[in-house]
Amino acid sequence: MSHRSFVGLCLLPLAVVTAAFFLLPMARLIATGAEGPQGLAGYLAILVEPRYRATLINTVLLATATTLVTLIVATIVGMFLQRHRFPGRSILIAMLTFPLAFPGVVVGFMIILLAGRQGVIGDLSSHLTGQKLVFAYSIYGLFLGYLYFSIPRVILTIMAAVQKLDPGLEEAARSLGAGPWAVQRDVVLPALAPAFVASGAIAFATAMGAFGTAFTLATNIDVLPMLIYTEFTLAANFATSAALSVGLGVITWFILALARSFSGSAVAAAG
Amino acid sequence: MSTVGGHGAAVDIKNCGKTFADGTLALEPATLQIARGETLVLLGPSGCGKTTMLRIIAGLEQPDAGGTVLFDGKDMTSLPIERRNVGMVFQSYALFPNMSVAENIAYGLKIRGMPKTERAARVAELVALTNIAGLENRRIDQLSGGQRQRVALARAVAIRPGILLLDEPLTALDAALRERLRGELNRLLRALGITAIYVTHDQAEAMELGDRIVVMRKGAIAQIGSPREIYFAPQNRFVAEFIGAANILETVVENGQLVLPGGRLPIHGAQNLSEAVVMIRPETIGVTSADSAHLSGTIDSVSFVGDRQRLVVSGAAPKPLTIDAPNTIQAKAGERVGLSIAPDAVRLLPPES
């Protein structure tokens, strides 16, 4: 057996798995999306149909807000944890990464316990103001849930990036007269840009497509995964749910690619 | 010569020590004056406290209570580095990877709010001064080590600092480049007339660049002096052995003469001593014929190193002597030779504690 055909043989299982579990289902999904009454135009429904478009915008706004708030919180926390040594630090880091162990359903359950009808926040607010504050079953509850499981992932990435940062960079900027804000703006944040893009992409993609939390909180939250679910299981509208699925994938991928190309120069420079 | 050079500030370090949070003493309280325009080198092995001293002067570390740092008589102790107007060159260069060469150099000027046209003029001047013309728009990762070093220097000098602080700026470079840049750096420091404090563990760098050298050891100053003083008149055994090559002999003294296995050696200032520790530099020992000499021994080995040859001679002193002889004399292992050592070349060291 020649060397080439040996390598080819070794790659065969990969080719089979890729074809069976990725290419074929994708092809079928794409074909199904075009089988509705509108044909290929079904793919445009996600942009043209007002209800679908509103849901899409909602989902993108939710994912963007989740990503931005996650990055802000996780950067501050990650930088602090990497730069300071104090008793209980390693326990705190372990606890912060705990949410990684929970599926979306459990996160949704926790949000209900926090901000649901019997939730802690509701009890507190009714004691203080007489008004019961309940937001678990809305897009705000979902936002909180996504923050909860995005922050740990991003913190870990940011901590690794901060560790690799040359402390001389900040000292050099300071020696040139830069105050604390200027040092962050001109030196630290640009150097962390690749970590922001990488970890922000994961947070964004998760928030675009996560389903478990949304399903646990309420079935009428206006986000794309829920819409796909209801079209598929309740309305048995195979063509539309397939078209929406492909649309969700393509749009998420497109926004991530856009973010990557915008930060491209910063990433290359900091590399 | 240019608008870049400043007069430089005088630095007064009084009683500055540093104990780290874990209790280790990095620097014993030290007092040091640095004159305007002087280049002072802090020299010592790693862990001797030289970098801690530099960081205290820079304002990156606070001295322990009781220590003060004065620039031109003004107390700077509580000011952070960003308000001390010092230029700093780091061993890693610490160039900003998200900025071009020109943006790096101009950064301190931008922070100071200098208008764009003035900034551009200053950058052009520094680019010429440090020989990096044509690289202005390059990214940092497109530069060689030597080019990065020059950019780091240009950036530090651009703000016209009162004091330039250099932390092992040449250590990351290969030997040949290091030697060339050392010469360039020396000319630049003289041309700028700036007060410079230079940290290194390389004695050749210290000798070439320093007006004065502070030799440090285990967090304390071992000796302060000009390169010549440090080399020819070390005040203790550590300095003698750390700088250059040295023969250190511990021996009995009679009538102001060292009593050695291979003969007697008259020295200065030992009339009242019964024993002494002395240092003799290898190049101060002359080789003569064995017959007429007061001191003689046998050649153990000869290593020819080009500009000179290094002999090891045993039997003359309690331990073998290292001698740097001219490359013209004939010497063979096993041969008996006489040694001539001028009394001036024998340096008395304080007995080791």
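Predicted model: local features only at pLDDT ≥ 70, side-chain atom pairs only at ≥ 80, totals over all residues.
A salt bridge is a side-chain nitrogen of Lys or Arg within 4 Å of a carboxyl oxygen of Asp or Glu.

**First stop: a contact between the chains**

Select E82(B) and R174(A). These two residues form a salt bridge, with 2.9 Å between the closest N and O atoms. E82(B) lies in the loop between β5 (74–75) and β6 (86–89) of chain B, while R174(A) belongs to helix α8 of chain A, so the pair joins two chains. With a relative accessibility of 19%, E82(B) counts as buried. R174(A), by contrast, is partly exposed, its relative accessible area being 25%.

**Second stop: another link from helix α8**

Keep helix α8 of chain A in view and select E171(A) together with R55(B). The closest N and O atoms of this salt bridge are 2.8 Å apart. Because E171(A) lies in helix α8 (residues 167–175) of chain A and R55(B) in helix α1 (residues 50–58) of chain B, this pair joins two chains. Both ends are covered: E171(A) is buried at a relative accessible area of 15%, and R55(B) is buried at 19%.

Which side chain meets E184(B) in a salt bridge? Select R150(B): the N to O distance is 3.4 Å. E184(B) is partly exposed, with a relative accessible area of 23%, whereas R150(B) counts as buried at 10% relative accessibility.

Over all chains, a search of the whole structure finds 21 salt bridges.

How many helices and strands does chain A contain? There are 13 helices and 0 strands. The C-alpha atoms of chain A fill a box of roughly 75 × 65 × 35 Å along the principal axes. Of the 271 residues in chain A, 40% are buried. When contacts between residues at least 6 apart in sequence are considered, 67% of those in chain A join residues at least 24 apart. Chain A exposes about 14800 Å², of which carbon and sulfur atoms supply 73%.

Show the surface and select M1(A), F6(A), V7(A), L9(A), L11(A), L12(A), L14(A) and V16(A). Together these residues make a nonpolar surface patch of about 830 Å². Centre the view on one member, L12(A), which is placed in helix α1 (residues 3–33) of chain A. L12(A) is partly exposed, with a relative accessible area of 48%.

Move to helix α3 (residues 50–83) of chain A and select T75(A). Is T75(A) buried or exposed? T75(A) is buried, with a relative accessible area of 9%. The side chain of T75(A) reaches the backbone oxygen of L71(A) at a distance of 2.5 Å. Apart from neighbours within four places in sequence, T75(A) is in contact with T70(A), I158(A) and F196(A).

A disulfide is a covalent bond between the sulfur atoms of two cysteines. Over all chains, the count of disulfides comes to 0. Select C48(B) and C16(B) to see one case. The cysteine sulfur closest to that of C48(B) is in C16(B), 16 Å away, which is too far for a bond; the cut-off is 2.5 Å between the sulfur atoms. C48(B) counts as buried, at 1% relative accessibility. In chain A, C10(A) is partly exposed, with a relative accessible area of 46%.

**Last stop: a loop of chain B**

Finally, select N272(B) in the loop between β13 (263–266) and β14 (275–280) of chain B. N272(B) counts as exposed, its relative accessibility being 78%. N272(B) and P282(B) are 10 residues apart in sequence, and their C-alpha atoms lie 27 Å apart in space.

Definitions and conventions
Residues numbered from 1 in each chain as written. Chains lettered and ligands numbered in written order. Heavy atoms only, no water. Patch = residues over 30% accessible without salt bridge, like charges linked within 9 Å, V, L, I, M, F, W, Y side chains within 5 Å. Areas by Shrake-Rupley, 256 points an atom, 1.4 Å probe, with all protein chains shown as cover. Helix = DSSP H or I, 4+ residues; strand = E, 2+ residues; numbered from the N terminus. Buried < 20%, exposed > 50% of the residue type's maximum accessible area, 1.4 Å probe, protein only. Polar contact = N/O pair within 3.5 Å; in protein donor to acceptor, adjacent residues only side chain to side chain. Contact = heavy atoms within 4.5 Å.
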